[in-house]
Structures are given as C-alpha cells and as structure tokens.
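Hi,

Here is the structure I promised to pass on. Have a look at it first, and then read on for what turned up.

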Amino acid sequence: MTPLLRVEHLRKVFPSPRATDAEGFIAVDDVSFALPPGGSLAVVGESGSGKTTVARMIAGLETPTFGLIGYDGTARATGRAHHRERRTRAREVQMVFQDPYTSLDPHQSVAAAIGEILRVHFPEESAHHGERVQQLLQQVGLDERQGAARPRALSGGQRQRAAIARALALRRPRLLILDEAVAALDVSVQAQIINLLADLRRWETGSCPGPVRRAGPVRCRRRHRVSHRAGPPATDPAGRRCRRGRAGRRSRR
Ligand SMILES: Nc1ncnc2c1ncn2[C@@H]1O[C@H](COP(=O)(O)OP(=O)(O)OP(=O)(O)O)[C@@H](O)[C@H]1O
C-alpha cells in the first residue's frame, strides 16, 4: 500500500544568530518514517528535540534543509512545494498547533474563522455554511456564544477546541497533524476529541463511507448505525462499503 506520508532523512538546520557560527543550529537530524492511510503516528521526544519543526515541515510551513517528504505517492525533495501541490495540501493536510492563540486571528470570532475556511474551500455550498459552522462548534463542545467570541475571550481549552473545529471544517482532512492538541483540555473533552479523531480515521480506512448527517444516531449511506455522535457529512464519492459488524460493534460500546 502506498503510504499517505513518507518522510526520509529529514534534516533542518536553522541559521545561528551568532554570525561566527557558520554551521547553524541542527533542530532535526535524519528523521525517517512512513504513515499508511488511516494510520496514526506519535512522535515522542523531550522538549526542544524538534517535534514541532518536523510537523511544520510536513505541513509545508518550514522548508527542510535536506531530505524527502512524500505525500500520497508524490515525493517532494528539499525546497519549496509547488503551488499546485501546496493547494492540494492546504485542503488535505491540517495542523492544529500547540498554542492555538497564535494560529487564530485575534480580530475574528471563532465562527467567522471557521466560516472563512468554508467560503474558500466550499463556495458552492454557501447556503449551508451557517449550519455547518454550528455543527462543527457542537462537535468540539463549543456553544453559540463561544462561537461568537474572539479568541481572547475563550479559555485555553476552548481555543484549542476552536482550532480543531477549524481543522475539521475541511470535512475529512486526510492528514491531521496535532501538536499536543489536546494537552490543554480537560479529560472529558479530551475523550470526545480523541473519539472524533478515531471516527475520522475509520472513514479514511474505508470501514465506512462516512455518516449521513441526520438528527439522532448517525448512519452510513447503507443505513447502518455507525455512531450516536455527530460527525462530518458523507464525502466519499467512491461509495465504499460499511463493514457492518465492525461499525455496529463500535456503536454499541
Ligand atoms: N525558527 C527557528 N529559528 C531558530 N531555532 C528554532 C526555530 N524554530 C525552532 N527552533 C529551535 O529548534 C529546536 C526544536 O524546536 P521544536 O519547537 O521543534 O521542539 P519541540 O520538540 O516541538 O519542543 P516542545 O516539546 O517544547 O514543543 C529548539 O531548540 C528551538 O529553539
């Protein structure tokens, strides 16, 4: 199976602030791994060991000094990503940062930030944007009042949920990079978010084509009950089958 993400010998050297230090500071040195579609990977290391830098290079926010990043069968060696590749990635790869305050626009309400993503990526569905924003807020446990608030009026955990809602606005990001994204949340909200992420992964592996949004239990297109939780609407044009046993067992837990 072609890996969704392939990273080979990744290296990042930041220029040193000291003019005499010509070599620079090595933040990431020779990192390699592969991630299959629907898989998950945890990168563990002490503070300052380069985890965020690896994530930023994969998301295309930082240029590797050396190495190769292959996304969905296309390999990108060092250097800037091609414009078309960046567009595809912007739609399919989402990153939720450690400190959501820096990634949310302080002048924009949370609902407006989510709405902006919808406007850019799904302009043809503008009539449903308001409803979709409310669904996303609800999915991550934020109410309408919190959605109308600016980031500074929210707690750290609420800001993190807003950032996750924004990442999920793309319906089914194929690669979601979470930089300690649930660390600031309380335990029950952590569980909700982890369940939500597990659902997204299950749809990616094709065990179910995704739920059809309706009031009450969520069902896949073949009408099998998948979950009581709300999830993003069906997006899989391939019409892959729901493996009823697996999905059903999960929902009864
Ligand atoms: N833009 C930059 N310029 C120079 N040095 C940087 C830059 N970004 C990160 N670094 C350095 O690279 C190293 C790795 O940073 P990174 O943020 O990737 O670590 P981390 O493993 O994510 O740490 P933490 O767990 O504390 O978030 C650190 O020493 C940091 O100071």
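A word on naming before the details: helices and strands here are DSSP runs, with a helix needing at least four residues and a strand at least two, numbered from the N terminus. By that scheme, His9 has its place in strand β1. Please keep in mind that this is a predicted model.

**Overall picture**

The protein has nine helices and nine strands. Of its 253 residues, 31% count as buried. If you take the contacts between residues at least 6 apart in sequence, 60% of them join residues at least 24 apart.

As for confidence, the mean pLDDT of the protein is 76, and 70% of its residues reach 70 or more. Two stretches to treat with care: residues 208-217 stay under 50 in pLDDT, and the model has 33 contacts for them beyond four places in sequence. Residues 228-253 also have a pLDDT below 50, with 52 contacts in the model beyond near neighbours in sequence. The model scores are ipTM 0.97 and pTM 0.71.

**The ligand**

Which residues surround the ligand? They are Phe14, Phe25, Ala27, Gly45, Ser47, Gly48, Ser49, Gly50, Lys51, Thr52, Thr53 and Gln98. Sorted by class, this shell has three nonpolar, eight polar and one charged residues. Strand β2 (25-35) and helix α1 (51-58) each supply at least two residues of the shell. Helix α1 gives the most, with three residues.

**Helix α1 and what covers it**

The buried residues in α1 are Lys51, Thr52, Val54, Met57 and Ile58. After α1 comes Gly60, which has a positive phi near 85 degrees.

**Strands β1, β2 and β3**

Strand β1 pairs with β2 in the antiparallel sense over seven bridges. It also runs antiparallel to β3, to which five bridges join it. You can see both pairings at Leu5: its bridge partner in β2 is Leu35, and in β3 it stands opposite Tyr71.

Along β3 (residues 66-71) the side chains alternate.

Val7 is worth a click, and it is found in β1 (residues 5-14). Is Val7 buried or exposed? Val7 counts as buried because it has 21 C-beta neighbours inside 10 Å, and the cut-off for buried is 20 or more. Leaving aside neighbours within four places in sequence, Val7 is in contact with Val31, Ser32, Phe33, Ile58 and Ile69. Val7 and Val54 are 47 residues apart along the chain, and their C-alpha atoms are separated by 9.5 Å.

**Two residues with positive phi**

His9, in β1, has a phi of about 50 degrees. His9 is exposed, because it has 12 other C-beta atoms within 10 Å. Asp30, in β2, has a phi of about 60 degrees. Asp30 is exposed as well, with 11 other C-beta atoms within 10 Å.

**Helix α4**

Helix α4 (residues 110-121) has twelve residues. From its first C-alpha to its last it reaches 17 Å, close to the 16 Å expected at 1.5 Å a residue. Its buried residues are Val110, Ala111, Ala113, Ile114, Gly115, Ile117 and Leu118. They pack against α5 (129-139), α6 (144-148) and α7 (156-168).

Happy browsing, and do write back with any questions.

Best wishes

Notes. Residues are numbered from 1 along each chain as its sequence is written. This is a predicted model: local features need pLDDT of at least 70, side-chain atom pairs count only at pLDDT 80 or more; totals for chains, interfaces and linings use all residues. The expected span of a helix is 1.5 Å times one less than its number of residues. Two residues are in contact if their C-beta atoms, placed from the backbone, lie within 7 Å. A residue is near a molecule or strand if its C-beta atom, placed from the backbone, lies within 6 Å of it. Ala, Val, Leu, Ile, Met, Phe, Trp, Tyr, Cys and Pro count as nonpolar, Asp, Glu, Lys and Arg as charged, and the others, Gly among them, as polar. pLDDT is the predictor's confidence in each residue, from 0 to 100. Two strands pair if DSSP finds at least two bridges between them.
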